[in-house]
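I opened this notebook to keep track of what I looked up. The entries follow the order in which I went through the model.

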Amino acid sequence: MSKVKKKVKFIKIDLDKCNGCRACEVACSAFHANPKYSSNNPARSRIRLIRDPLRDVYLPVYAGEHARAECMGRDKYVIDGKEYSECDFCRASCPSRDVFKEPDSGLPLKCDMCEDDPPQEKPLCVQWCLNDALTYEEREEEVEEEVKLGEMEIGLESMVDKYGFQKVIDTVARMAKKD
Ligand code: SF4
Ligand code: SF4
């Protein structure tokens with residue numbers, strides 16, 4: 001597979017600087033409101049704060065890929081004497097919890113790095129984090145060229161998702177016999 005140059009975007013999170021103000025959640029939800037900035041609701045934000053002031057835990061987490069099933073087991077981490085569940089760090093919109101789901105439709109939310117036209121200089125959560133807990137970086141990296149799926153592959157992929165690989169194979173084999 002050939003390599004191509006790609007601009008990769010990063011947001012660095014410095015937990016020591018986060019004071020749990022939740023400005024990032026407000027900014028993200030306002031930016032993604034329709035029309036833009038017409039409302040704000042942290043439940044619609046693509047960044048959520050795991051917050052436990054009694055234990056001095058403030059952990060901003062970005063929404064990532066959707067997971068159809070919850071994990072079978074969950075690890076615990078102790079960092080600087082504070083205990084975290086594996087779920088605290090997880091970026092998935094998953095059936096085990098309410099975060100990263102659009103509150104009206106239940107559809108999964110995912111951080112899009114504030115894609116905009118014209119582009120934003122920095123993502124909105126970074127712009128509004130006045131404590132500099134979030135910092136934005138761009139780097140050019142060599143990555144494998146993405147293989148664009150054809151129409152047939154996309155269709156087959158969704159059939160496999162819905163019915164399972166073996167059932168799709170059996171059906172194709174049965175259809176081939178009829179020809
Ligand atoms: S980068 Fe943009 S979309 Fe992602 S969490 Fe921050 S404000 Fe929301
Ligand atoms: S805006 Fe910054 S300091 Fe405030 S909760 Fe978000 S990451 Fe933490």
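**Entry 1: the loop between α1 and β2**

I started at Y37, which is found in the loop between α1 and β2. I took helices (H or I, at least four residues) and strands (E, at least two) as DSSP runs, numbered from the N terminus. The model is predicted, so I noted that local features need pLDDT of at least 70 and side-chain atom pairs count only at pLDDT 80 or more, while totals for chains, interfaces and linings use all residues. Residues are numbered from 1 along each chain as its sequence is written, chains are lettered from A and ligands numbered from 1 in the order in which they are written, and side-chain values use heavy atoms, with hydrogens and water left out.

I looked up the backbone of Y37 and found phi near 65°, a positive value in a residue other than glycine. Y37 is partly exposed, with a relative accessible area of 48%. My cut-offs were under 20% relative accessible area for buried, over 50% for exposed and partly exposed in between (1.4 Å probe, protein chains only).

P35 is also placed in the loop between α1 and β2. A cis peptide bond joins N34 and P35, with omega about 0°. P35 counts as exposed, at 56% relative accessibility. I then compared P35 with V168, 133 residues along the chain, and the C-alpha atoms are separated by 42 Å.

**Entry 2: the loop between α2 and α3**

I noted the background first: most residues other than glycine have a negative phi, and most peptide bonds are trans. M113 lies in the loop between α2 and α3 and has a positive phi of about 55° although it is not a glycine. At 23% relative accessibility, M113 counts as partly exposed. P118 is found in the loop between α2 (86-89) and α3, and a cis peptide bond joins D117 and P118, with omega about 0°.

**Entry 3: ligands**

What surrounds ligand 2? I listed C18, N19, G20, C21, R22, A23, C24, L49, P60, C129, N131 and L134. A residue counts as near a molecule if one of its heavy atoms lies within 4 Å of it. By class, this shell has eight nonpolar, three polar and one charged residues. Here Ala, Val, Leu, Ile, Met, Phe, Trp, Tyr, Cys and Pro count as nonpolar, Asp, Glu, Lys and Arg as charged, and the others, Gly among them, as polar.

The space taken by ligand 2 is the largest cavity. A cavity is a set of points, on a 1 Å grid over the protein atoms alone, where a 1.4 Å probe fits but cannot get out. A molecule sits in a cavity if more than half of its atoms lie within 2 Å of its grid points.

Ligand 1 sits in the second largest cavity. Of the 13 residues around ligand 1, C28, H32, C111, C114 and C125 come nearest. The shell of ligand 1 divides into 10 nonpolar, one polar and two charged residues.

**Entry 4: cores and α1**

Which residues touch the most other members of the largest nonpolar core? They are I11, I47, Y62, C125, V126 and L134, out of 15 residues. A nonpolar core is a set of buried Ala, Val, Leu, Ile, Met, Phe, Trp, Tyr and Cys residues joined through side-chain atoms within 4.5 Å. The elements that give two or more residues to this core are α1 (23-31), β2 (47-52), β3 (57-62), α3 (124-128) and β6 (134-144). Apart from this core lies another, of six residues, among them V61, A63, Y84 and F100.

I checked V126 for contacts (heavy atoms within 4.5 Å). Leaving aside neighbours within four places in sequence, V126 is in contact with I11, L134, T135 and Y136.

Is α1 enclosed or open? Seven of its nine residues are buried, so α1 is largely enclosed by the rest of the structure. The buried ones are C24, E25, A27, C28, S29, A30 and F31, and what covers them includes β2, α3 and β6.

**Entry 5: K5**

K5 is placed in strand β1 (residues 3-13) and is exposed, with a relative accessible area of 60%. K5 and E142 are 137 residues apart in sequence and 4.6 Å apart in space, C-alpha to C-alpha. Not counting residues up to four places away in sequence, K5 touches E140, E141 and E142.

Definitions and conventions: On a 1 Å grid over the protein atoms alone, a cavity is a set of points where a 1.4 Å probe fits but cannot get out, and a pocket is an open set with protein on both sides within 12 Å along at least five of seven lines; lining residues have an atom within 4 Å of a point.
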